[in-house]
Amino acid sequence: MGFWDVFGIWLASALTIGIISFLYRDNIFYKACEAIFIGTSAGYWFIILYWDNLYRKFWTQATDPTNPEWYVPWFGFVLGVLILTRLFNKIGWLSRWPLAFIVGAVAGLYMMIYFVSNAMVQVSSTIMPVFTGSWVDIIANTTVVLGTFCGLVYFFFSKAHTGVFGGAARVGIWFLMITFGASFGYTVMSRMSLMIGRIDFLFGTWLGMIR
Amino acid sequence: MSDVAFRIPLVVLSDIGRVISLMFIGAGLLWILVRSLRAKEVDRRIVFLFIFIAVAAPILFPITFQERATLIVRRLFDKVESLPAGSRVLLAFDFDPAMAPEVQPMADAISRHCLTKGHKVVFMTLWATGQALLTQSLERVVKGEFPEKLDGVDYINLGFKAGNENVLNIIVTDFRMMFPTDVNGVPLDSTSIFDDIRSCKDLDLIISMGGGKPGIKEWVLYVGDRVNVPLGAGVAAVVAPQLYPYYPKQLLGLLGGVKGAAEYESELVRQYPHLEERGTPGLRMMGPQTLAHMVIMAFIVIGNISYFISRRRERKR
Amino acid sequence: MLSFPVTGQVIDTVKAVPDSELVVVAPVTSLIAADHKYDDGKMIDLSWVPSIDDRLVEGNVMGYKVYRIEGDSEPETIAELAPGSNAYNDQSVERGKLYSYFVSALSSNAETPSIRTAPIQPQREWLNIELINVLIMALVLGGAVIYFIETARRGKKLFVRKIAGLEAVDDAIGRATEMGRPILFIPGILDMDDVQTLAALTILGRITRVIADYDTKIFMPVSRSLVMTAGRETIKASYQAAGRPDAYSDDMVTYITDEQFGYVAAVDGIMVRERPATVFLLGAFFAESLILAETGNSVGAIQIAGTARPAQLPFFIAACDFTLIGEELFAASAYLSGEPKQMGSLKGQDVGKAIAMAAILIGVLTATIGEAWNVEWIQHITTGLRDIFSTR
Amino acid sequence: MKRQIPIIITFLIGMIMIFSFFIPPLEGLEQTCSLFFDVIAVFAFFLGGGNLMRIHLNKLRRRKKDWGFSIVTLGGFFIMLAAGLLKIGNPGGIAASPTTEGSLLQEIFTYVFLPLQSTMYALLAFFVASASYRAFRAKNREATILLIAAFVILLGRTPFGMMLTAWIPESFSVLQVPNLAIWIMNSPNLAGQRAIMIGIGLGVISMSLRLILGIERTYLGDESV
């Protein structure tokens with residue numbers, strides 16, 4: 001290994017320990033790591049944005065003489081310039097135009113996407129026969145249908161959770177709680193793998209203590 | 001109750017580090033338990049310390065826990081075990097270096113098992129990036145551990161062929177059309193292992209190990225569903241839930257992630273104790289996971305004890 | 001039209017093979033090229049019956065090649081397909097041009113072309129009839145939302161049940177005021193092109209109104225520049241509406257970095273140094289959800305969280321005091337506003353839930369009865385219901 | 001005027017986007033909008049990055065607490081900007097991708113950025129532990145259900161889950177803890193996820209309509225709220 005490789009590994013280990021030290025308490029090493037992280041990452045993402053969005057996506061399309069729709073990206077450019085008007089008090093209100101554009105586009109687009117892929121698809125896949133297959137399947141199917149139905153009852157806003165309705169809502173919350181508990185328990189393993197990776201790096205790559 | 005059913009996790013205590021770290025965890029938990037019996041909350045930094053030790057100790061001083069295979073794993077193990085010696089098994093190494101940490105342990109264990117049983121093994125891969133991994137594990141497991149086995153007689157390496165599911169589409173009717181020769185250029189006709197193998201139909205078992213595309217799904221759709229050959233699989237943990245629906249009809253058994261590998265290794269070592277010294281990476285990788293899960297569960301129990309005790313005290317007041 | 005477009009029956013791919021050794025397979029039959037329905041005229045669908053030599057046992061077909069002829073030009077290969085294929089979807093056509101196709105069956109050393117299809121032009125359609133059920137559903141729901149908004153506007157009282165997480169907002173702000181510590185608002189880590197960020201900003205507008213009244217400090221570190229701009233607009237407007245424009249400052253909203261964990265490192269630092277009394281975590285969160293929520297918890301803050309990402313909800317439930325689950329996040333702003341017309345929109349969304357619940361109930365009943373007793377007309381109801389909610 | 005135009009823009013664009021879903025000739029609009037968004041995001045960064053510099057320069061000038069770290073932040077920021085804009089050390093020269101292997105930008109990414117990122121991510125392991133210690137307590141019926149579900153899943157991921165329940169006969173093997181864990185993931189968990197997802201789908205419709213119809217306009221800095 002050359003000097004720079006060794007230097008890189010020592011630097012990486014120092015940064016790793018600096019971040020971990022936050023678990024004990026906030027300290028000067030963590031603050032240093034944080035400052036390095038913020039500075040370099042903000043710079044890094046600007047570089048990616050600049051070359052990828054402004055140069056590759058905008059500039060190459062907008063200046064391509066063979067592109068019959070070369071003028072389209074320029075509308076985006078104008079919207080982009082408008083956002084900078086915030087820097088000037090008098091015309092600052094113009095910066096709301098690009099915001100209004102984004103809000104309209106996102107609201108309209110996602111309204112349909114979420115409706116179709118979240119609501120419609122889930123309803124149609126819940127429509128299924130319950131009493132088929134072995135007793136295990138029957139219980140499983142009933143659970144899915146009952147849970148989905150009661151879960152929806154819980155989300156109902158127009159009726160207070162009282163009486164039979166309240167009972168169903170209660171069952172709905174129980175299902176949600178099982179969902180949350182189960183997903184939580186299920187992710188523990190993958191989270192531990194992340195830590196195993198860092199410990200491997202510290203004790204293996206850096207200190208060479210792992211056989 | 002049989003002696004196997006309730007076997008206490010076999011912790012091989014050979015290293016002093018192991019003893020110390022386990023004692024530390026045990027004594028620490030006991031101390032926390034006593035504290036919580038007095039209804040005292042544990043500082044989160046102590047939780048952090050424990051979880052760190054629980055993960056780091058098994059990495060530094062290998063600590064393993066004996067697993068008991070779940071049905072989904074045992075069915076695959078039993079199939080390999082029950083096939084008569086000389087059966088033809090195809091092992092597909094459909095993974096790349098990124099997936100290798102999870103999938104390689106199971107690939108090794110299954111290869112070892114097949115060769116120990118005296119099956120004839122055909123190795124291949126649908127992944128260009130899997131070729132090097134396949135060659136390496138052949139060098140290590142097959143040639144290194146079973147020097148008496150002969151290339152072309154007891155096993156053969158077909159290597160990689162481009163074409164994804166099209167490769168499967170063709171070998172399902174004819175191996176030679178896709179693989180005129182093995183990876184070393186030896187014509188299949190001149191190898192004795194391929195004497196009576198023409199297509200996938202002539203195999204006794206197919207096991208695909210991977211987690212991407214092409215992978216298990218392609219093997220199920222293009223091979224398993226079309227010819228009547230049992231199909232087993234080993235996949236990375238994140239992919240496993242998507243494959244459960246294929247079990248048990250289209251998939252004989254399924255190893256999911258390091259846990260699946262560890263279960264298989266356990267069964268293997270139980271059946272063939274001499275294989276233990278060849279290494280059980282799956283069990284070893286499960287060490288930190290198991291200990292971490294146990295520590296978390298212990299903390300949940302302790303947390304509830306201290307909660308109930310403090311609540312009872314409040315009621316008394 | 002019944003002529004082979006390529007000279008010779010067989011295109012020999014392996015020159016060295018004499019004719020007698022060529023493996024000639026039967027061509028595909030019934031090749032049909034049709035315009036892809038309900039698109040912008042950019043696709044043509046091909047379908048055919050595979051060669052009779054295309055079988056699993058003793059079959060000789062190695063695959064198929066799809067050729068396209070644009071106008072009068074030379075045929076070009078546009079796809080090579082596996083044996084067993086019987087359809088292809090050509091997505092590289094242009095409106096207003098004529099195309100015809102033929103498909104060759106490939107053997108190990110030769111290929112046999114099919115007859116050529118009649119020329120066809122891809123067509124543009126103005127309405128995607130296939131999605132008409134989605135359109136009707138969307139209109140029904142949209143109509144319900146608008147109807148209830150109008151009803152509420154005309155002064156009819158509408159009941160909306162209490163949402164615990166939102167009832168707690170006032171107390172949470174009050175607590176920060178009493179303790180004299182700041183309120184931290186985290187709008188998720190995605191940009192303005194995510195609906196959850198929009199939801200977070202609408203909620204921000206509501207709670208800053210209260211914050212401005214209480215004269216409490218709010219701090220909003222963000223990971224996207226656009227969210228910073230929008231957040232400043234929102235807070236500024238709320239302060240103006242509260243009649244305290246002088247109390248607003250741009251420093252309330254700060255851009256940190258676009259990097260997910262860089263942002264998390266900074267916010268964690270802010271939490272332990274500023275010790276906010278109240279933390280709002282609303283918007284799109286990923287793995288950082290638990291890191292932020294646990295750190296917030298460790299400094300003793302009251303935390304109100306909400307996201308529409310089901311994978312992160314468990315962590316908020318575990319580590320925060322109140323969690324807005326999915327739909328509640330989107331309803332929050334309307335609920336907090338307390339305005340009748342906003343509340344009306346929540347009623348509209350309940351109509352959607354009622355439809356979904358009814359569909360599930362009826363669908364499951366008919367599916368079960370239909371399957372158990374094999375009653376045909378009941379099975380039709382099930383299929384019909386599924387069709388209404390299907391999206392293909 | 002100042003107030004009306006943004007509301008009209010939102011309304012028009014929103015309506016067009018909704019209907020473009022059903023009108024094939026408008027298929028390409030989504031890409032155009034996302035291109036516009038990408039361009040706007042770059043310009044917005046001039047504000048965001050400018051704000052970052054202003055804050056840290058202020059800290060430096062006024063010698064506020066921890067001003068030393070502001071030097072580090074600014075240093076890192078400018079080094080990255082220079083490395084990326086001028087493509088310093090990039091083997092492919094100015095025409096190559098900024099993230100080419102061997103360039104200064106990519107080296108800093110590998111040795112500084114990556115370890116920080118993955119360690120920050122790895123902190124999750126610790127927080128998962130502390131959260132489960134604190135949160136999984138049987139305070140009421142809901143919390144008890146949460147606790148039991150989590151405990152079964154956790155147990156199912158250790159060898160003990162199988163060891164404790166191996167005596168259950170094969171015909172009831174679904175009750176063995178690892179299988180029970182899979183069952184919980186596939187049935188009640190699925191049901192809960194579905195209810196949440198359907199709710200989200202409907203919630204987004206209602207919120208989007210409020211935004212498009214101009215009923216919800218706090219984000220626009222509308223003074224009339």
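**Helices (H or I, at least four residues) and strands (E, at least two) are DSSP runs, numbered from the N terminus.** The views show a predicted model, so local features need pLDDT of at least 70 and side-chain atom pairs pLDDT 80 or more, while totals for chains, interfaces and linings use all residues. Residues are numbered from 1 along each chain as its sequence is written, chains are lettered from A and ligands numbered from 1 in the order written, and side-chain values use heavy atoms, without hydrogens or water.

**View 1. The second largest pocket and the chains around it.** This pocket (an open set of points on a 1 Å grid over the protein atoms alone, where a 1.4 Å probe fits, with protein on both sides within 12 Å along at least five of seven lines) has a volume (the space filled by probe spheres set on points joined across faces, edges and corners) of about 1,200 Å³. Its lining (residues with an atom within 4 Å of a point) is made up of 38 residues, and those closest to the centre of the pocket are Phe219(C), Ile270(C) and Glu274(C), together with Ile55(D) and Lys59(D). Two or more lining residues come from each of these elements: α2 (28-62) in chain A; β9 (183-188), β10 (218-222), β11 (253-255) and α5 (260-274) in chain C; and α2 (29-61) and α3 (67-85) in chain D. The helix that gives the most to this lining is α2(D), with six residues. When the lining of the second largest pocket is divided by class (Ala, Val, Leu, Ile, Met, Phe, Trp, Tyr, Cys and Pro nonpolar; Asp, Glu, Lys and Arg charged; the others, Gly among them, polar), it has 18 nonpolar, seven polar and 13 charged residues.

**View 2. The interface of chain D and chain A.** In this contact (heavy atoms within 4.5 Å), chain D takes part with 106 residues and chain A with 107 residues. The two chains bury about 10,100 Å² between them (accessible area for a 1.4 Å probe lost on being put together, summed over both), and 83% of this area is on carbon and sulfur atoms. On the side of chain D, the residues that lose the most area to chain A are Phe43(D), Leu116(D) and Arg194(D), which together account for 7% of what that side buries. The interface also holds three salt bridges (a side-chain nitrogen of Lys or Arg within 4 Å of a carboxyl oxygen of Asp or Glu) by the rule used here. In one salt bridge, Lys57(A) pairs with Asp38(D), and their closest N and O atoms are 2.8 Å apart. Seven helices of chain D, namely α1 (4-20), α2, α3, α4 (104-135), α5 (141-156), α7 (177-186) and α8 (188-212), each bring at least two residues to the side that touches chain A. Among them, α4(D) gives the most, with 23 residues. By class, this side of chain D has 74 nonpolar, 22 polar and ten charged residues.

**View 3. The largest cavity, lined by residues of chains A, C and D.** At least two lining residues come from each of α4 (96-126) of chain A, α1 (132-153) and α9 (340-373) of chain C, and α8 of chain D. The largest share, four residues, comes from α4(A). Divided by class, the lining of the largest cavity has eleven nonpolar residues, one polar residue and no charged ones.

**View 4. The interface of chain B and chain D.** Here 36 residues from chain B make contact with 28 residues from chain D. About 3,100 Å² is buried between these two chains, with 73% of it on carbon and sulfur atoms. In chain B, Arg68(B), Met297(B) and Ile300(B) lose the most area to chain D, and together they make up 18% of what that side buries. Across this interface the rule finds zero salt bridges. The helices α2 (44-60), α3 (71-82) and α11 (281-316) of chain B each supply at least two residues of the side that touches chain D, and α11(B) gives the most, with 15 residues. That side of chain B divides into 21 nonpolar, seven polar and eight charged residues.

View 5. A search of the whole structure finds 43 salt bridges over all chains.

**View 6. Details of the backbone in chains B and C.** Most residues other than glycine have a negative phi, and most peptide bonds are trans. In chain B, a cis peptide bond, with omega about 0 degrees, joins Lys213(B) to Pro214(B), and Pro214(B) is found in the loop between β4 (205-210) and α8 (216-224). In chain C, Ser30(C) has a positive phi near 50 degrees and is found in strand β2 (residues 29-35). Arg275(C), although not a glycine, has a positive phi of about 45 degrees, and this residue is found in the loop between α5 and β12 (278-284) of chain C.
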